[in-house]
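Biologist: I have not seen this structure before. Please take me through one part of it and say what each term rests on.

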Amino acid sequence: MPARNMDPAAKRQPGRRMWKAATVLLALVDSVNGDSKPLRGLPDNRVCPPKLKFGGSKAFSEFSLIPTGWNTASGGERVIVSDNRTKVAPRLGSRAYFGDSCTAGQYSNEDYLALKLLNKKITYTVSMKDVGCGCNLAFYLVEMKPNTDKSSCGDYYCDANSVCGVACSEIDIMEANGHSFHATLHTKSDHEGMAGGFGGGDGWNGPRDWTKEQYAPGGNCIDTNKPFEVAVSFPTDKGELVAMEVVLTQQRPEGPCFVKTHLSEYAGMPALTESLARGMTPVVSYWSSDKMLWLDGAGADHKGECWKDDQVCPNTAELSDFRVEWLKGKAGESAGGTAGGAGHEKEEDFELPTMAPVKEATCPGELHVKGEMGKVQMVPTGWGLADQAPVMVENGSLTTTMGSRVYFADTCSAGSYSNLHYQALKLLGKTLHYTVDLSAADCGCNSALYLVSMHQNEDESSCDDYYCDANSVCGVACSEIDIQEANIHAWHSTLHSEHDHDGLAAGLGGGDGWNGPRDFNKEHYGPGSSCIDSTKPIDVAASFPVNTETDQLSGFHVKLSQPSNSNCTIKMVIKNYEGIYKLHRALEDGMTIVASYWADDKMLWLDGQGEDKRGYCAQDVPSKCGDKVAFWNFSVTTDERNLPTDPGLLKEGICLNGFLLNPKCTMSFKYNNELIEGCTNTDDKGQFWCSHDFEYVNNWSPCEPCLMDIVGDHPEKTFDDEEIVEPEDIHGDPEPQKPSIPQLDIAQPWMSCGDGKRQTKVCSEGFVCVRHEGWFQCAQQTCYLGWKLASGCVMEFEMDDTHYVGCTTADYNERGWCSSDAQFNGHWLNCTRCDEGEHDVMQANEELLRRPVVAHSPSAFTMLVVPLLSIAFIAGAAMAWNRRHIAQGSRSFFWISTPEDHSNDGESDLRRLLQAGDRNA
């Protein structure tokens, strides 16, 4: 061993490590609340990394990594596990504990690993290129499992410096950067400890067991810009720890070169013997500070390297290829020493849990997809893992087994992953079709088929396969479109831009004290349902329509149907998603299809009953999940018509807050010192409008409501679980006798815009909401008392204790206007004067014109006006619906169609909109 050049005072330099303690507290305990319960709103970092492989004396085992910071405001920094789970890469600012198990978002001292290292050696490889002055990559042992105090960090952390308020024994195997390396022994109350290695000092000298010529970037023995091995031994004599020996080795052209330090004769050896016998928890961390000279400073002798800690630290550093082995000689002996006494640990007591043999990597096979995709290779995740869940391709079917995930690819190279192998499927203006059998997926199961931008992702991720999604499950975020996340009781279709974890969902199910999507109900989707029986195969069609005038993605459509029940289909539509233009770019670049099947006892976000109890699952029981879910009949078709081209049904521009922003306008503008987003009806323009300039200078354009394809059903087929009520049930008295007026042809009602008591929806352009026979319907806009009601207005409203019907000129210099709300609150629109000679329904009976409209008398309107205004219901065209008066954020809807919708008897084939799902539930 080289002569020790360490300044004896450096072993116990007062205050030296207290700088470290204060800095770690700032770096790693940001806003800790001390509560180990998961925090809502931090789903991005509150995940368990993949398990890390550990080599043993005879076999490999796996250990969990448990990051700190789940209970902080930031959610903590992550550690990345990669290279077939043999490498851990802590991000700057992270700390993670080795454990027997990991429960995301929750901490328990019982979860931590208690590694017993007496008379054993642990080895690993370090890669810390460019980890410079002021950076600290640490690997050390602390006695966390016996600690029952959760500490101020909320995760039961303890160390010799009581960084989180709790003290325990600590053995620093490595605190290092490219210019220094410390190995230190600490008992519970010894803050400074006994250190060996090289570097450090600020007016005093740190350890000097080797020199900066031997250990440095470009060093002549250990070039710290290249990987090197660390081996740490804990030899014993008669069962007592006698030393800690640390050896750094690097392979060089002339052969291996090593430096080492040997720490013995430490007064705390008996206490550390007890700690190692009980078992200590390995910890990995990576942090920085401008007060790190205790580690890397030049020292009083100027033999150290750093004069200033400038904290030039890469985002990650790496430790890999961990192994634990017995030292030479029998258990209970020091290396080359004598045997220990009775009762000492035997070698067979040490064996790490044995892993199953690693499976040989194979490609599952080729799937034929009708259309432009052609032959597609399947690439499964988890090659090289003992517990890899298989996927099977046979007879044109893709079968996912529990725990599996598989990617659609152009190329499959068994055992090797590349982002360039994955398909970049361009689905703009196209529809993806497939059939899925969910019969095995009960409460707690999740069968998913979705699109992610994997082909463009150059980061191999912590899963080693370039996987990415909107929740950064493997550490990398990208755009995600969930066509299905489903089981027999729930279905979610969701849009996610790259960093939108929650996204915007349509479908049914979910909620645990809150409500998931409720676009249809469990009578229409579920086992034995009257519409989609989820125990039978379901045909799925996912469409990505493009506005033919703007060439932009206009929405996301998912249709569910079953050949066994041709009487009913469900269609979900999501429009007006804020990130839709990001998803347009992702689809334009091409996205990769992913299929997966997994289970969890915390799946109520998908299938829970919710606060309204309209979901199904009260509890998730993963054991009820079947072994597999199959997909088949994949095809891609090009949509002949993405959107209607009729100007009455198609508006170009960006949909914002319920109105289409004119292409000439800015997204936001200032008006009268107020910042306005999108469109406004402020001022006397009599309509919603937007500004061409950020600072409004009287250049503006009108805005139109966001219009959507609407397909409804006959009014008797509702999906709000409410029976349609006759007028006498609403008002408490018989329906009044209609006056003697000319009889007009009234089309069958096809679209509801109210709930029987009040108007709840606004009709599309050219139609107004009128009250007819006790409930509200959309009717063609027509002249009434010389004015046409503006689209977006209610037919009746209250103002200043007066009941108004249609348009009025009150308080507006004889100009006609109408209210956007049943109780006028300042939102109004201009009415259009009828053309000369245009038929006015009220002129059909002059006597009616002389009858005053009684304030607050809804029956007057029912008796006199509605039968006249219900003329000329439109037939045979898809209508639109402006929902700006519905709960903010409602951007998806669904409909269910039946054979009657396609009748050829000349009646309307327009179907009533059944229910609008609140995406903000």
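**Helix H4 and the sheet**

Modeller: What covers the buried residues of H4 includes S26, S27 and S28. The model is predicted, so local features need pLDDT of at least 70 and side-chain atom pairs count only at pLDDT 80 or more, while totals for chains, interfaces and linings use all residues. Residues are numbered from 1 along each chain as its sequence is written, and side-chain values use heavy atoms, with hydrogens and water left out.

Biologist: What makes H4 a helix and S26 a strand?

Modeller: Both are DSSP runs, numbered from the N terminus: helices are H or I with at least four residues, strands are E with at least two. H4 covers residues 580-589 and S26 covers 445-452.

Biologist: Which residues of H4 are called buried?

Modeller: Ile 580, Leu 583, His 584, Ala 586 and Leu 587. Buried means under 20% relative accessible area, with a 1.4 Å probe and protein chains only. These residues cover an arc of only 165° around the axis, which puts them on the same side of H4. The arc is that of the directions from the helix axis to the C-beta atoms.

Biologist: How do you know that H4 packs on the sheet?

Modeller: H4 touches strands S26, S27 and S28, where contact means heavy atoms within 4.5 Å.

Biologist: Why does S20 stand at an edge of the sheet?

Modeller: The order is S20-S21-S24-S35-S26-S27-S28-S29. Two strands pair if DSSP finds at least two bridges between them. S20 has a single partner strand, so one side of S20 is left without a neighbour in the sheet. S21 and S24 are joined by 4 bridges, so they meet the definition of a pair.

Note on methods: Axes are lines fitted to C-alpha atoms, for helices over the stretch in contact, and angles run from 0 to 180 degrees between N-to-C directions. Buried means under 20% relative accessible area, exposed over 50%, partly exposed in between (1.4 Å probe, protein chains only).
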